[in-house]
Amino acid sequence: MGILYDDVVIIREAEKEGDPAVITVNCPDKTGLGCDLCRIMLFFGLNIVRGDVSTDGKWCYIVFWVVGKQKTRWSLLKNRLIGACPSCSSASGISYYSSDLQPPKPLDVFLLKFCCHDRSGLLHDVTEVLCELELTINKVKVSTTPDGKVMDLFFITDTRELLHTKKRQDDTIEHLTEILGDAILYIEIELVDQEIAACSQASPFLPTAITEDVFDLELPDLVRSGTARSDCVSIMMDNSLSPAHTLVQIMCQDHKGLLYDIMRTLKEYNIQISYGRFTTKPRGKCEIDLFIMQSDGKKIVDPNKQTSLSSRLRMELLRPLRVAVMSRGPDTELLVANPVELSGKGRPLVFYDITLALKMLGTCIFSAEVGRHLIGDREWEVYRVLLDEGEGLSVSRNKIEEGVWKMLMGWE
């Protein structure tokens, strides 16, 4: 079966301000496709306000209604969405799809290093430029010297796979130099080999106090300073309405990346959605109906499996990320953690949101690290940010924790 390449993804932009754009995806199905598409839209800063998914297990038809930034690069978004669909080869102007037989090779890792005079909001401005250039931050090491200079090391990969070219490197340096202005002292980009990239990863161990406080898998009555309660999420499973599928009905509070968190969880459980509908209601409420089945094509009838999936969905909807402000000796440390996908990808734009929230709070960053850690049976991406207290932290720790949490959840 063949379809025209341009018909794989169709984007109809909003006719007037405030209306949603409509994105239609029509392609062969694969487990986790919905997660991959939602992740891309989250990376582009789009909020999904409605969605319909339909598939027969071989071919799928997905429609998303999205709202986002005025400067959304729709043509680039379309290319990224097409790239997430099963690979294709062209013949006579018609694209035919085949299954992905081999996992994609890992992207080359580059080291961006620069030294400059410190100023408020600098780290966020750099992060914003890198995101706009589609450069993914895998790890960052930021340190401030006593004389007010900062040395930043970013281990990055390029979504466009062009950073090995001089033109792409010069373009990146030009954009960074423009935002840093006269503060810049030195800047360089270089390819690093796999051994150095591997060594750049953080230790797989975290202090016990951190793992107990931040990664507690028991849901508290209040989550993140009272911003969400456990009774805000309702999950019901029903096997009586379909001869072949289990119906999962979810009602919850909306947040940034909500549909991504649901799709990511189902992907981890190797569960396929045959039909789904997602709608947002007044006051930030969401309703999701999903007809799902296991990889063997059967319903989920085992009570233990139902309980396991329901508990994980509840956890991911209430605490898709972990945020805590803790003491690190005499200093204050902000920790943010999110689970890593089975594909090895972390949640997009987390560091962007952290630095933006701190910039809006007027809180400076003394040093920052991003690393991967194994906690229990899951891999986590952990951001450890040491705050610059100067003559004393002007914003309370509770205010910082709440501000970062709200920014990450899209409630700012």
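Predicted model: local features only at pLDDT ≥ 70, side-chain atom pairs only at ≥ 80, totals over all residues.
Visitor: Among contacts between residues at least 6 apart in sequence, what percentage join residues at least 24 apart?

Guide: The contacts considered here join residues at least 6 apart in the chain. Within that set, the percentage joining residues at least 24 apart is 69%.

Visitor: In what order do the eight strands of the open sheet stand, and which strands are at the edges?

Guide: The pairing in this open sheet is antiparallel, and the order is S11-S8-S10-S9-S20-S21-S19-S18. An edge strand has a single partner strand, so one side of it is left without a neighbour in the sheet. The strands in that position are S11 and S18 (322–328).

Visitor: By what angle are neighbouring strands of this sheet turned against each other on average?

Guide: The angle is taken with direction ignored. On average, neighbouring strands of the sheet are turned against each other by 25°.

Visitor: How many bridges join S20 to S21, and which residue of S21 does Ile-375 stand opposite?

Guide: Strands S20 (residues 364–375) and S21 (residues 378–388) run antiparallel and are joined by eleven bridges. Ile-375 stands opposite a residue of S21, namely Arg-378.

Visitor: Which strands does helix H9 touch, and what angle does its direction make with that of S21?

Guide: Helix H9 (residues 350–361) packs on the sheet, where it touches S9, S10, S19 (331–339), S20 and S21. Its direction and that of S21 make an angle of about 25°.

Visitor: Which strands does helix H10 lie across, and at what angle does it run to S18?

Guide: Helix H10 comprises residues 397–409 and lies across S18, S19 and S21. Relative to S18, H10 runs at about 155°.

Visitor: Why do the buried residues of H4 line one face of the helix, and which residues are they?

Guide: Residues three or four places apart in an α-helix point the same way, because there are 3.6 residues a turn. Viewed down the axis of H4, the buried residues fall within an arc of 100°, so they line one face. On the other side, Lys-166, Lys-167, Glu-174 and Glu-178 are exposed. The buried residues are Arg-168, Gln-169, Thr-172, Leu-176 and Leu-180.

Visitor: Which residue follows H4, and what is its phi?

Guide: Helix H4 spans residues 166–180. The residue that follows H4 is Gly-181, with a positive phi near 65°.

Key. Residues numbered from 1 in each chain as written. Heavy atoms only, no water. Helix = DSSP H or I, 4+ residues; strand = E, 2+ residues; numbered from the N terminus. Expected span 1.5 Å × (residues − 1). Buried < 20%, exposed > 50% of the residue type's maximum accessible area, 1.4 Å probe, protein only. Arc of directions from axis to C-beta. Contact = heavy atoms within 4.5 Å. Pairing = 2+ DSSP bridges. Axes fitted to C-alpha atoms, helices over the stretch in contact; angles between N-to-C directions.
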